[in-house]
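Hi,

Here is the structure I promised to pass on.

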Amino acid sequence: MTKPRVLISDKMDPNAARIFEIRGCDVDVITGETPEQLIARIGDYDGLAIRSSTKVTKEILAAAKNLKVIGRAGIGVDNVDIPAASAQGVVVMNTPFGNSITTAEHAIAMIFALARQIPEANAQTQQGLWPKNGFMGVEVTGKTLGLIGAGNIGSIVASRALGLKMKVVAFDPFLTPERAVEMGVEKADLDTLLEKADFITLHTPLTDQTRNILSAENLAKTKKGVRIVNCARGGLIDEAALKTMLDNGHVAGAALDVFQTEPAKDSPLFGTPNFICTPHLGASTTEAQVNVALQVAEQLADFLVNGGVTNA
Ligand code: MLT
């Protein structure tokens with residue numbers, strides 16, 4: 001019997017390739033190709049394992065005559081044309097749990113970075129300014145964290161925030177009252193959250209319902225002095241409105257790991273006082289990248305060899 005053929009087209013922990021081999025697949029690791037190169041190659045493969053660099057467009061899918069499954073080592077599948085994949089019967093899987101802790105920890109790091117202005121204080125100290133009086137911070141203890149999205153990542157953020165003695169108010173249409181009690185959070189509607197939160201952190205995918213959830217109108221409903229963190233998806237916050245609110249001091253700080261357009265090589269937010277950012281590092285830890293690579297390899301191999309479907 002011929003072995004299923006798998007292409008790993010983004011950089012991934014090397015153990016992923018080993019798992020494919022052990023599970024009975026032939027695997028090639030060919031990263032950094034142009035779309036044209038991938039179009040020329042993809043017809044040979046039954047499975048495709050990606051992170052976020054490969055964009056699986058409808059042109060690539062049209063050339064993927066043998067493709068049965070795509071596995072995203074990570075959570076978001078925004079880099080896959082899902083309708084086109086579904087139309088040709090290609091299953092798309094992700095690994096929803098492998099990087100949740102890591103992303104939650106990044107959000108908590110951003111909360112502290114904002115509360116104590118660590119990036120700017122670091123920069124000025126290293127410039128030799130010793131700005132001891134310029135950085136009055138705030139404690140997070142006793143503050144209210146508004147959690148928009150209380151799923152895998154949001155619930156981990158909530159548990160960490162409760163450990164930091166914050167109060168957590170959560171808005172999530174899928175959050176049941178029982179689960180809210182179990183998590184130790186107050187379930188609220190969005191307006192109540194906006195009104196109460198000292199810090200807001202977003203943990204929801206980008207959908208038609210969540211796009212611009214922090215619009216100019218909703219940002220105006222927040223408490224003066226609110227600090228906002230987005231380590232989920234660009235497009236959840238109206239970036240122009242956020243800049244206005246930072247400039248006029250209503251928003252005391254904002255930390256973005258994700259942008260509406262990525263890579264964000266330029267943004268009106270760059271250079272805005274009390275704005276900090278990272279280049280979509282939410283999942284970038286050694287532990288998370290090992291987890292997602294191993295999980296995606298296990299899932300794809302199981303599908304190709306045994307027909308098992310996980311996280312599709
Ligand atoms: C994810 O969706 O898994 C994260 O945003 C990480 C990433 O895209 O690199």
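**Domains, sheet and ligand**

The centres of domain 1 and domain 2, taken over C-alpha atoms, are 32 Å apart. Before you dig in: this is a predicted model, where local features need pLDDT of at least 70, side-chain atom pairs count only at pLDDT 80 or more, and totals for chains, interfaces and linings use all residues. Numbering starts from 1 along each chain as its sequence is written.

Domain 1 covers 5-98 + 286-306 and domain 2 covers 100-277, with bounds from an automatic or database domain assignment. Six residues of domain 1 contact six of domain 2 (contact: C-beta atoms, placed from the backbone, within 7 Å). On the domain 1 side, these are three nonpolar, one polar and two charged.

There's also an open five-stranded sheet, parallel, in the order E2-E1-E3-E4-E5. Strands are DSSP runs of E, at least two residues, and helices runs of H or I, at least four, numbered from the N terminus; two strands pair if DSSP finds at least two bridges between them. The edges are E2 (26-29) and E5 (91-93). E1 (residues 5-8) and E2 share four bridges, and Arg5 has Asp26 in E2 as its bridge partner.

As for the ligand, Ser52, Gly74, Ile75, Gly76, Asn99, His280, Gly282 and Ala283 surround it (C-beta atom, placed from the backbone, within 6 Å). That shell has two nonpolar residues, six polar and no charged. Here Ala, Val, Leu, Ile, Met, Phe, Trp, Tyr, Cys and Pro count as nonpolar, Asp, Glu, Lys and Arg as charged, and the others, Gly among them, as polar.

Cheers

Note on methods: Two residues are in contact if their C-beta atoms, placed from the backbone, lie within 7 Å.
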